[in-house]
Amino acid sequence: MSATVTTLAVRRVAGHIGAEITGVDLSHPLDPTTVAEIRQALLAYKVVFFRGQTLDHSSQIAFARQFGELTHAHPHEDAPPEEFPQILTIDPLRYEERYGAKYRELYRKRQYSYYSGWHTDVTAAVNPPAASILRAETVPEYGGDTQWTNLVAAYEGLSEPLRRFVDGLRAEHRFLAGYQTTDEDGRLLKRINDNLLVSVHPVVRVHPETGERALFVNPGFTDRIVGVSSQESRRILELLYEQITRPEYTVRFRWAPGSVAFWDNRATAHLAPTDLDHLDVRRTLHRVTLIGDRPVGPDGFVSEIVAGREFTAESLVVA
């Protein structure tokens, strides 16, 4: 199939982050100019949105491959859709099947995502995904919005002395960082421990394409600041988490069937919905991620593996 030539329109939707792109059909191959324009919009606005798309698993994968090589669905995903190992389906019924019949009661606040708090995708891996692409199949009539925050703007919003301080810090990232486990978490913990991923990243990441500096911590995966006391680590992270989640750095997206969000995972964190726990509604979305490189800090520090393996195209392979 030949590439489709399109004329894009890019409209900003918030002050620091986010743009909506129209005038393109993502289900067809795109010409190189259109791919470059979408990439430039992504780098500029950190997350871009498309509406009214008619994608299935195959065409979503084909669209994503125009921007890079895809990863396996997720380090803890052992049952992606048949013939589509790159697809992570986000649906509460799948989580209940995975973790047992009591899932809805035990994990209500995570039933619409692996983690419902602010997070950057899979930073427990030494080379987290460069970008993620999420499409909506079924969404409720109300609720279920996703939010993103601009980690570059958050870094730039710090005072100059504080920027100098965090430029040299490192942090350890792992799954369920800060989560208080219970006796009911056995199956979840076994899955994580059987494929343990722990990495040390710079607290400030230099973007490999733009050269911008971004805060690279998130409550979903960052466990501690390396080289300081536990109390100091907790206080530093609290300050940084407050900074990255300030409302002025965020954008909120209202999903509809056929909506697509494409975000730069190197410069954003996002927040899954928490307003549906009490509602009996269906929300089914499908995500793919692009392979990323190891983050590099302002001082040249390159992320290191503590435990586990590197995230690659097929799966996680021994580093």
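Me: Buried means under 20% relative accessible area, exposed over 50% and partly exposed in between, with a 1.4 Å probe and protein chains only. With that in hand, which residues of β3 point one way and which the other way?

Reply: This is a predicted model, in which local features need pLDDT of at least 70 and side-chain atom pairs count only at pLDDT 80 or more, while totals for chains, interfaces and linings use all residues. Residues are numbered from 1 along each chain as its sequence is written, and side-chain values use heavy atoms, with hydrogens and water left out. Strands (E, at least two residues) and helices (H or I, at least four) are DSSP runs numbered from the N terminus. In β3 (47–50), V47 and F49 point one way and V48 and F50 the other way, all of them buried.

Me: Which strands pair with β3, and in what sense?

Reply: Two strands pair if DSSP finds at least two bridges between them. β3 pairs with β2 in the parallel sense over two bridges, and A19 stands opposite V48 in β3. From β2 the chain crosses through α1 to β3 in a right-handed β-α-β crossover (with the strands pointing away from the viewer, the path from the first strand over the helix to the second runs clockwise). β3 and β14, in contrast, run antiparallel and are joined by four bridges, with F50 opposite V260 in β14.

Me: How far apart are the end C-alpha atoms of α1, and what does it pack against?

Reply: The expected span of a helix is 1.5 Å times one less than its number of residues. Helix α1 (residues 32–45) has 14 residues and should therefore span 20 Å, which agrees with its end C-alpha atoms being 20 Å apart. D31 caps its N-terminal end, with a side-chain oxygen 3.1 Å from the backbone nitrogen of T33 (a polar contact is a pair of N or O atoms within 3.5 Å, one able to donate a hydrogen and the other to accept it, and residues adjacent in sequence count only if both atoms are side-chain atoms). T34, V35, I38, A41, L42 and L43 are the buried residues of α1, and they pack against β1, β2, β3, α2 and β14, contact meaning heavy atoms within 4.5 Å.

Me: Where does K46 lie, and is it buried or exposed?

Reply: Most residues other than glycine have a negative phi. K46, in the loop between α1 and β3, has a positive phi of about 75° although it is not a glycine, and counts as buried because its relative accessibility is 2%.
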